[in-house]
Amino acid sequence: MGIKIRHKALVFILVMVMALGLVLPAHADIDDYYDDLESINEQLEEMKENRKQTKSELDRLRDLLDDLDREMYKAEEELKDLEDKILAMEEKIAEQEKLIAEVEASIAETEEYLAIQTEYLEQRLCAMYKNGSVSYLEVLFSASSFSDFLSRFGFIRLLIESDTELVAEIEATKASLEADKELLAEELSLQIQRHAELDAARAKAEEDKSQLNAKTLRYEELKEEVQAELAKQNKGIASMEEDQKQIEAEIKRLLELERVRAGNPPSFLTWPVLGFDRVPYNITSSYGWRIHPIRKVWQFHPGIDIARYNRRGESIGGKPIVAAASGTVDFVRSYDGGGYGIYVLISHGGGYQTLYAHMRYTTVKKGQVVTIGQQIGVVGTTGSSTGNHLHFELWVMGEKKNPVEFEYK
Ligand SMILES: [Zn+2]
């Protein structure tokens, strides 16, 4: 007899599970679901631990790439600085070469001048030497007077002295120019050396930069791989969490069914309009005394009105109404009229009942078994109503209680 009842209950659960169209494998025993849930929870923990490691690896790579970026910026600045210096040095070298060319031209001119003056001097000395004292005497004897003689003699002496002085001066100028040229050439060789050093520094900086580039590319690639891995892990976790949620919902349903079968009252309810959270804003009329919105007289409001729109701005009209707990449909009024309009009354066991009024239409029939969260209708404004809302009542042993004083999960 006991076995038969348990068998019946099992078939009942199986039928319920199938009726709900669950994608999960339908287990006969709730313990199997608990086993599944435990295994999923363990897997999730491990997956999340792995993801934590992936995230910290990604953080490490991001820091590395940031450092490389900074280094790259510095390397580029250095390279730019070196290129500026090289350009400046090249300009300096060109100027120096110009200066040297100018000095060389001056030296050539001086040499030419020197050659001419030396020639003059030699000619004069040669003439004086060849003719010897004769020529001098000639000069002297041909003087018209003593003073003329003195002046003639002095003139020749002065001429030679002047020629000699000039040649010496030109030679000194030439020597000074050559010294200048030597100094300039020395400077030039230093500049060329510095230029070569700068060139070498630039080559090294370019090498450093290309190494940084290669390093950056390598880490970028690695980062992309880790990011792809993270996306994969996120997807895996999301899918696993979806399974977890479904199994949890299934366990909740099975527990509810067991409770209804045992005739125990529900230990909690679920909010009867999907997506319309239990916030004061959505409760437009509370349980208790109020002025009736249509008849304008004091009246006891035996339930709560859930209305307006949800956080996404969607109006409540047409939204699904769900069973606040598992149970059996006690009564359905499927046509408009009366105060409640289209409404449904469900018994949950232990003397608990819930009532859902002003529906646009209902999706259940009298005597049907419903599970917690299952859709039973759609929000409308049938019956004595001023707009789309759900009038929700909670009865305990036939007494209308304040629904918000009950626990919701
Ligand atoms: Zn109401």
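**Ground rules.** I am working on a predicted model, so I kept in mind that local features need pLDDT of at least 70, side-chain atom pairs count only at pLDDT 80 or more, and totals for chains, interfaces and linings use all residues. My numbering starts from 1 along each chain as its sequence is written.

**Overview.** I found three helices and 12 strands in the protein chain. Both are DSSP runs numbered from the N terminus, helices being H or I with at least four residues and strands being E with at least two. I then checked burial: of the 409 residues in the protein chain, 15% are buried. A residue is buried if 20 or more other C-beta atoms lie within 10 Å of its own, exposed if 12 or fewer, and partly exposed in between, with C-beta atoms placed from the backbone. For contacts (C-beta atoms, placed from the backbone, within 7 Å), I took pairs at least 6 apart in sequence, and 72% of them join residues at least 24 apart.

**Strand pairing.** Two strands pair if DSSP finds at least two bridges between them. Back at S10, I noted that Gln375 is the bridge partner of Val322. S10 also pairs with strand S8 (residues 352-362), again antiparallel and over three bridges. There, Gly377 in S10 stands opposite Thr362.

I followed S8 to its other neighbour, S7, and counted six bridges in an antiparallel pairing. Ile346 stands opposite Thr354 of S8. S7 and S8 form a hairpin with two residues between them, and Gly350 in the turn has a positive phi of about 65°. Val332 has Val344 in S7 as its bridge partner.

**Core.** Which residues have the most contacts inside the largest nonpolar core? They are Val273, Ile306, Ile321, Ala323, Tyr343, Tyr356 and Leu390, in a core of 28 residues. Strand S4 (304-306), S7, S8, S10 and strand S11 (390-396) each supply at least two residues of this core. For the term itself, a nonpolar core is a set of buried Ala, Val, Leu, Ile, Met, Phe, Trp, Tyr and Cys residues joined through C-beta atoms within 7 Å. A friendly reminder to myself: in soluble globular proteins, nonpolar side chains tend to be buried together.

Setting aside neighbours within four places in sequence, its contacts are Pro272, Val273, Ile306, Ile321, Tyr356, His358 and Val379.

**Positive phi.** Most residues other than glycine have a negative phi. His358 is not a glycine, yet it has a positive phi of about 65°. His358 lies in strand S8, and it counts as buried because it has 28 C-beta neighbours inside 10 Å. Arg308 likewise has a positive phi, near 65°. Arg308 is in the loop between S4 and S5, and its 16 other C-beta atoms within 10 Å are why it is partly exposed.

**Gly288.** Is Gly288 buried or exposed? It counts as exposed, because it has 10 C-beta neighbours inside 10 Å. Gly288 lies in strand S2 (residues 288-291). Beyond its neighbours within four places in sequence, Gly288 is in contact with Phe300 and His301. The C-alpha atoms of Gly288 and Phe300 are separated by 5.3 Å, with the two residues 12 apart along the chain.

Technical notes:
Two residues are in contact if their C-beta atoms, placed from the backbone, lie within 7 Å.
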